[in-house]
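This report describes a protein model, beginning with the place where its two chains pair. Please keep the sequence and the structure in view while reading.

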Number of protein chains: 2
Amino acid sequence: MKVGVLGSGEVGQSIARGFAGRGHEVKIGSRTPGKPELTKWKKEAGAKASVGTFAEAAAFGELLVIATRGGVAAEAIDAAGIKNFDGKTLIDITNPLDFSKGMPPGLFVGTTDSLGEQIQRKIPKAKVVKAFNTVSAAQMVNPKVKGGPPKLLIAGSDAKAKKQVEGVAKEFGWAGVYDAGGIEAARWLEAHVPLWVALMGELKTFNHIFQPLTP
Amino acid sequence: MKVGVLGSGEVGQSIARGFAGRGHEVKIGSRTPGKPELTKWKKEAGAKASVGTFAEAAAFGELLVIATRGGVAAEAIDAAGIKNFDGKTLIDITNPLDFSKGMPPGLFVGTTDSLGEQIQRKIPKAKVVKAFNTVSAAQMVNPKVKGGPPKLLIAGSDAKAKKQVEGVAKEFGWAGVYDAGGIEAARWLEAHVPLWVALMGELKTFNHIFQPLTP
């Protein structure tokens with residue numbers, strides 16, 4: 001499958017490496033596709049990996065991923081071209097984090113909206129699935145926690161798109177998914193992130209993953 | 001220790017039963033202390049258990065618990081008498097849930113405030129510790145999940161009060177606590193609840209407990 005990844009930071013590089021490592025063709029889209037770290041990434045990720053502009057990556061991918069900082073997600077989508085999202089599944093890894101008041105971060109969307117919903121409203125012909133936003137870049141592919149492979153928290157309003165993301169998660173080594181509901185449940189996946197951040201100090205890791213344990 | 005529990009619903013009865021069962025004297029405070037279910041509760045909870053008004057329970061307790069519905073917490077504190085909280089630790093189990101838009105519920109406090117903080121501001125001489133709000137009434141005492149006893153998520157701005165609540169948690173069979181930070185972190189413990197609710201259907205239980213699993 002051809003995958004376009006918008007965002008070339010640690011998260012974008014990590015998830016794109018995951019796709020390239022499993023035989024998918026992947027193109028990272030960046031505002032600055034010529035930057036040295038992406039040349040390095042491309043070299044390491046192999047023959048299936050390429051780098052381009054946001055628009056090139058969005059046009060290339062049958063499956064798309066957005067992994068920019070939350071504050072620039074809308075801008076990245078505009079640069080990528082709204083039409084390039086039509087009919088496609090978009091895995092939304094963004095978080096609406098507001099670090100202006102210190103740690104843990106707040107959310108710039110409140111609790112009656114989410115960045116996932118804002119993105120879905122902006123590209124109504126795409127099928128947005130919030131996923132991978134609750135874990136560190138290092139745990140997105142081949143996640144490791146005590147007790148065996150965890151499941152990935154997801155939310156989205158299109159059942160087929162969620163099935164597709166479940167397939168990606170399994171390909172990446174997750175045991176499956178926990179489906180929190182429609183895209184409006186992105187509110188609670190995003191609000192989970194400050195709690196996750198709040199425990200980094202006590203747990204001495206960024207690589208913890210919350211799981212709902214049953215009796 | 002003498003414990004006063006404000007709120008006589010399932011949560012208040014459950015946590016009060018926990019205290020009574022471990023040799024503490026406990027008084028449940030209610031708007032309607034004469035209601036039959038409290039007479040029944042008192043009989044089952046044993047000689048250390050009693051029932052009274054909000055003010056009687058608040059005056060009685062050296063340690064206090066608030067376990068009312070979120071929407072009536074402020075009213076219950078007023079009825080209990082602000083002075084009765086002075087210098088005491090208050091375990092805050094309330095949740096600011098808004099069910100007016102269906103399931104999962106929203107929060108009526110937004111993400112720049114929390115019910116925990118509102119309660120702390122209302123009774124500034126008390127030491128409010130948000131705790132037990134992220135689990136079902138049935139799991140507050142002797143929590144059972146696969147993999148052994150879980151730890152309890154807490155938040156509060158007084159270190160001694162948090163130590164005291166950690167002691168209560170251990171007495172109740174928890175392995176310890178995860179300390180999310182000052183009382184402002186109550187925002188993320190409260191925002192965790194809609195996520196927890198969202199997974200009830202898929203998990204077919206109310207008794208799941210989220211834990212941060214490490215590599």
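## Strand pairing between the chains

Strand S11 (residues 209–213) of chain A and S11(B) pair in the antiparallel sense over 5 bridges; two strands pair if DSSP finds at least two bridges between them. Within this pairing, Ile209(A) has Leu213(B) in S11(B) as its bridge partner. Strands are DSSP runs (E) of at least two residues and helices are runs (H or I) of at least four, numbered from the N terminus.

This is a predicted model, in which local features need pLDDT of at least 70 and side-chain atom pairs count only at pLDDT 80 or more, while totals for chains, interfaces and linings use all residues. Residues are numbered from 1 along each chain as its sequence is written, and chains are lettered from A and ligands numbered from 1 in the order in which they are written.

## The side of chain B that touches chain A

In total, 35 residues of chain B are in contact with 35 residues of chain A, a contact being two residues whose C-beta atoms, placed from the backbone, lie within 7 Å. Elements giving two or more residues to this side of chain B include S7, strand S10 (176–179) and helix H8 (200–203). The largest share, 6 residues, comes from H7(B).

Gly110(B) lies in the loop between strand S7 (106–107) and helix H5 (115–122) of chain B. Beyond its neighbours within four places in sequence, Gly110(B) is in contact with Gly110(A) and Thr111(A). Gly110(B) counts as partly exposed because it has 16 C-beta neighbours inside 10 Å; a residue is buried with 20 or more other C-beta atoms within 10 Å of its own, exposed with 12 or fewer, and partly exposed in between, the C-beta atoms being placed from the backbone.

## Helix H4 of chain B

Which residues are buried in helix H4 (residues 73–80) of chain B? They are Ala73(B), Ala76(B), Ile77(B) and Ala80(B). These residues lie on the same side of H4(B), because they cover an arc of only 100 degrees around the axis; the arc is that of the directions from the helix axis to the C-beta atoms. Their cover includes strand S1 (2–6), strand S2 (25–29) and H5 of chain B. Just after H4(B), Gly81(B) has a positive phi of about 95 degrees.

## Chain A as a whole

The secondary structure of chain A comprises 8 helices and 11 strands. Of its 215 residues, 57% are buried. The C-alpha trace of chain A spans about 45 × 35 × 35 Å along its principal axes.
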